[in-house]
Each structure stands twice: as structure tokens, then as C-alpha cells.
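Open the model in your viewer and show it as a cartoon. Keep the sequence panel in view for selecting residues.

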Amino acid sequence: MKKLWFALAGTALAWMSAVQPTPMQARATADANTVVDPSAYQAMRYRSVGPTRGGRVTTVTGVPSEHHTFYMGAAGGGVWKTTDAGETWANISDGFIEAGSIGAVAVADSDPHVIYVGTGSACMRGNVSPGIGVYKSTDGGKTWRHIGLRESGQIARIRIHPRDANLLYVAANGHGFGPNPDRGIFRSRDGGTTWEKALFINDQTGAVDLVMDPKDPNILYAAMSRMERKPWVMFSGGPDGGIFKTTDGGTKWTKLVGGLPKGLLGRIGIAVSPANTNRLWAMVEAENDPGFYMSDDAGQTWRLVNAEHELQQRPFYYHHVYADPKDPNVVYELNTRLYKSTDAGRTFRSLRQPHGDNHDLWINPNDPQVLINGNDGGAAVTYNGGLTWSTQLNQPTAELYRVAVDNQFPYRLYGAQQDNSTISVPSRVTFGITPTQHWYAVSGGESGHIAPHPTNPNIVYSGHYRGELYRYDHTTGTSRAIRPYPEDIWGQAPRDIKYRFQWHAPVRISPHDPGTLYFVSQFVHKTTNEGQSWQVISPDLTRNDKSKQGYGGAPITAEGTGVEIYPTIYAFEESAIERGVLWAGSDDGLVHVSRDAGKTWTNVTPKNLPEWGTVNAI
């Protein structure tokens, strides 16, 4: 049989389906103690069942000399290329690049066959995947080789000398979860064979942006900041960050301070106007006077031109700035929306966009009406300045936290897509015009666990963050909220919340009784009437360390969206063999078991496990 392989490029959970189980495999499912001979699986082959709606894209670029050629790097789906302006996309990293998370893609102006890719997205959500350095292609993406900086963590930008494809600079933010020395600005003069640290502050301060003067490649501007994640907090900013400038190609750097905020500085996005390279813009996260700054003397002095809070949302995820190549008064700022200013940043308006949460923008230097945008729904191309965009339903790069299946035949698969809805797709389609005709959401949201009813596949329980839980009935297309407690946690610290539901709070139907449903916070919650009422059947099964229950961001921007809720029960299962045996694992390192359906619980945490660190939230 001919093997058919479909590129899916390292999604968080690949939406794959294999051949239907053999009778022997079906019997093994019924008997949990049966060990199946691995040879029984040798005939199985992977095939893509979707969805083909795009996932989060953190880097995009184009080729000025090839009007319809663009590249994108997905946060969990590898590197993709289109040669028809987004009508079709092809994965070009599978089999070569060992990381699915891509932070930067750059094409050499002097030779479009030379492409550099930096792994590890520097827009560090709680679910960020680490990078493993830099890759290079010299044949337009057909083949790749690793060229170093394996410990540089999350890579934010790559800039290439416009006339020398072997001279490049990498902005590395470093490891996302702790200090490390391989961060800052790196320079290579030989195409990545050797590297040198061009700008290093300390082992906690990395590079989050890097721009090159379009008319003088010896002039570069780097944004440096501390960005570090813990399960309970996102550390944003510190005393050592800021904007740095070099005029000799990266040998010497000077910190720019005139007119910029004083005190702690966080993430900064920078842009230089190609139409007037003395004009710069910077979106600055700061302890004092944050906002959108402009300089008209190549960075010597700055002034605040826009302090609108709408432009300052969630700096660790956004704060990206781009200058129009022809008009010195046109500048873009990317955030939840795609913002454009035609008066040098004093006012902004939002453009139509295919999806929210924008992370990157490339503007054709020869035609500013041609753009490619990377957002949480994929990558899209426009040839009319954003009036219309190419589709994002042709990119199987969805970040899917987990997969569930029901028991109907043919069975359906369920998942929650990052920054999108939940989705159900069929394992196979025997009729219909397009696959999307067979997709549907099952309520819930991007991070939730999904539990299809084992005997009635039309009933699906689906979670969401902030403790939301829903019962969906596909027969009627209706959804009912069944969360255990009606608490709005927006903007609240975990220590002030009654029930601490994790971003990925597990939802489980008892394998022994389909009428019993479990949902977990720091407690185990149980319902036997489809969520009309709930009972708590456990004590707090976490360490309940109050020092790690502050706001989710510090010391500058306080997060309150529900991602950093901590400590919580992160894993929960009822034994498939013995009814009433319940297991719970917390994200702060405890394991408990109950052998009497939740009446009593025993701490069975292995004694040799280390406890979490002592860094306190603020």
C-alpha cells in the first residue's frame, strides 16, 4: 500500500488518526491487563484528519524580489512557505528542524535562497515551548542544518546584512524559565559557523527585539529585558533593560536614555522608519510613564506620543512595532488588534484582520500595500493594505493541548485549540464538499479538557480557563454552563479566589458510571446530575503556599487572565480497573490517592521529589 504522509509540523498535539482497531486490539481495550504484541501495530499509518485552521504564528517574512513568496514560523508548527501569496502553504521544516516552536525567520536580501530560522517563540505564554538554536538553509528551505546557539532559548529576531548573507545578528531572550548565559545579541560573520556575543547584560536580561537601520547596516538598535516565567508568575522587566544602539556593526553599544522612562523597564518593541532613518518608535513597558515613544534624532532623545492603555496590553505577548517603508508618518503597533497610525503614532486605528492577537508583520519594502501578518490564528497575506486577506483555513498548525475521542462509529475526535474554540472533527469523511462542513465546536474554550459521553456522543463536557465548564448537546446545538461555583476571577490574585482552577483543569467522566463527572481546582469536585449541583469530595490537595498566589505578573505588569492560577490539581484520574480509586497530582508536586471514592485521601508523594523553588510572587 502506498504511504501517504501529510505534514503537520509538530503541533502541541498532532491531530492524527490511524486505521481502525483490529478485533485483537479491541479486546485489549476491554481488558486493561492485556499486553498487545507490538507487531499488531506495524500496518498502522498516520493520516491527517484536521483541522486545517491555522494556529499561533509568531514570525513572518517575505521576499521582495519574489512578489508571491512568504514564510511563516508557527509557535508549535514549524516553518511554512507559500509561493502563491497564501493560497497554499507547504511545511519546509519537517525532518530537519527538531523544534516545533519558531521565534524568527529571516531571508537574505542579497540571496533569497539563504534563510535563517531561530527556534523558540519569545512571546512567552505559559505554554511556551523552548527553542534549540538557529538553523540555516541555502536552497530556499528544501534542506536545513543546525548552526549553533543551542542554549539560547527563545529567539526573538534575526537580522541579516543586506549585502552579505553571512553577516547576521540574533536577538536571543534566553531560557524562558530561569537564568542562563546564552542570551543577548549574538553576531556571526561566517554564516553561523562561529558566533560571538555582541551584547550581553547578565544571565537574566535577554534581547526581545532587534532592528537594523535600512540605510546603514552598521547601525542597529536592540531592546533588552528580563522575561522569565514561573508557573505562578511572569516576571516582566528589571533594572538592567532598555534600548541599546551600535554604530559599528555590533562591536560597541550605548544605552539610550534621553527622554525614555526611568526605573524598571520591561518589554520594548522598536522600529526605524526607512523613509527617515532618524525617526524611531518604541513601545515601552515601564514602571513609570509607559507608552509609545518617538525619536527624531536617531535615538538620542525621545518623547512620549501616545499613552493609550489599549496599545499596552500584555507586553510579554505583544509590543511589536513596524514602520512603513515609504511614509515616515505611518507606523503599525501589534497587540490584540492590528493598529495603524498615519500621524507618527499620535493616534491609532485598528485594521481589519483575520484573527486577533497579532505577533508579527512584514511589509514589502517596494510596495507597502503588500503585508503578511502573523497572529494567533495563523498567517495571512494582503495586497491592498489590509482590506482583504488570504485565508487561514489552509494551515494545519493548530496548537491543540490534548485529544479525546468518542465511541460512535466512525468516531469523532475532540480538542481545544489555543486562542480558538474547541473543535470536533470526524475520523473519516465519506461525503460533503469540504472538510469544514463536518467541523463543529463543542462549547468550552481554548485550554479546556473535553470529555465526550461514553454512551451518548451527542453530549460533551468541555472546560475552559477560569473554572468554566459546559455541557454541550449536539442534538439541539445548545450549551449550558455548569461550573461548580459562579465566581468571576478576572483581575484577582489566586489567594483571593475560592476555587483555584488551573488553565488546564481536568474534566473526567467516571469509567464505571457515565453519570458521574469530576472537575478539579485545588479540590476534587463531583456531580451525579450533569452539573446541576456539585459536591467537594477532597481537602485542598496542594501545598497551598500563599507566597505563590499573588498576581500573575511582576514587577511591572500584573497579569490576571487566569493562566498563572497556582497551586492547583493538574492531573486527575479514576482507576479504570477499580471503582472509587481516585488519583490527583498537583502542579506544586504532590500526589494523593483515595481508595474510597473521595471519603479519605492519602499523600503518596515520592519522598525523593524536590520541592518547587522559593521565588515568591509579588
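Which residue takes a positive phi in the hairpin of β36 and β37? Select Arg466: its phi is near 70 degrees, and the hairpin has five residues between the strands. This is a predicted model, where local features need pLDDT of at least 70, side-chain atom pairs count only at pLDDT 80 or more, and totals for chains, interfaces and linings use all residues. Residues are numbered from 1 along each chain as its sequence is written, and side-chain values use heavy atoms, with hydrogens and water left out.

Select β35 (450–452) and β38 (478–481), the edge strands, each pairing on one side only. They belong to an open sheet of four strands, ordered β35-β36-β37-β38 with antiparallel pairing. Strands here are DSSP runs (E, at least two residues), numbered from the N terminus. Two strands pair if DSSP finds at least two bridges between them. Neighbouring strands of this sheet are turned by 20 degrees against each other on average, direction ignored; axes are lines fitted to C-alpha atoms.

**Stop two: β36**

Now select residues 459–463, which form β36. This strand pairs with β37 (residues 469–473) over five bridges, in the antiparallel sense. Find Ile459 and look across to Asp473 in β37, which stands opposite. With β35, the antiparallel pairing runs over three bridges. There, Ala451 has Tyr461 as its bridge partner. A hairpin of six residues joins β35 to β36.

Show the side chains next. In a regular strand they alternate between the two faces of the sheet. From β36, Ile459, Tyr461 and Gly463 point one way, while Val460 and Ser462 point the other. Five of the five residues of β36 are buried, so the strand is largely enclosed by the rest of the structure. Buried means under 20% relative accessible area (1.4 Å probe, protein chains only).

**Stop three: Ser427**

Move to the loop between β34 (422–426) and β35, and select Ser427. Ser427 is buried, with a relative accessible area of 0%. A polar atom of its side chain lies 2.7 Å from the backbone oxygen of Tyr411.

**Stop four: the largest pocket**

Select Asp109, Arg159, Met212, Trp362 and Ile363. Of the 34 residues lining the largest pocket, these lie nearest its centre. A pocket is an open set of points on a 1 Å grid where a 1.4 Å probe fits, with protein on both sides within 12 Å along at least five of seven lines; lining residues have an atom within 4 Å of a point. Elements giving two or more residues to the lining include β3 (57–63), β11 (154–161) and β29 (358–363).

Notes: Axes fitted to C-alpha atoms, helices over the stretch in contact; angles between N-to-C directions. Buried < 20%, exposed > 50% of the residue type's maximum accessible area, 1.4 Å probe, protein only. Polar contact = N/O pair within 3.5 Å; in protein donor to acceptor, adjacent residues only side chain to side chain.
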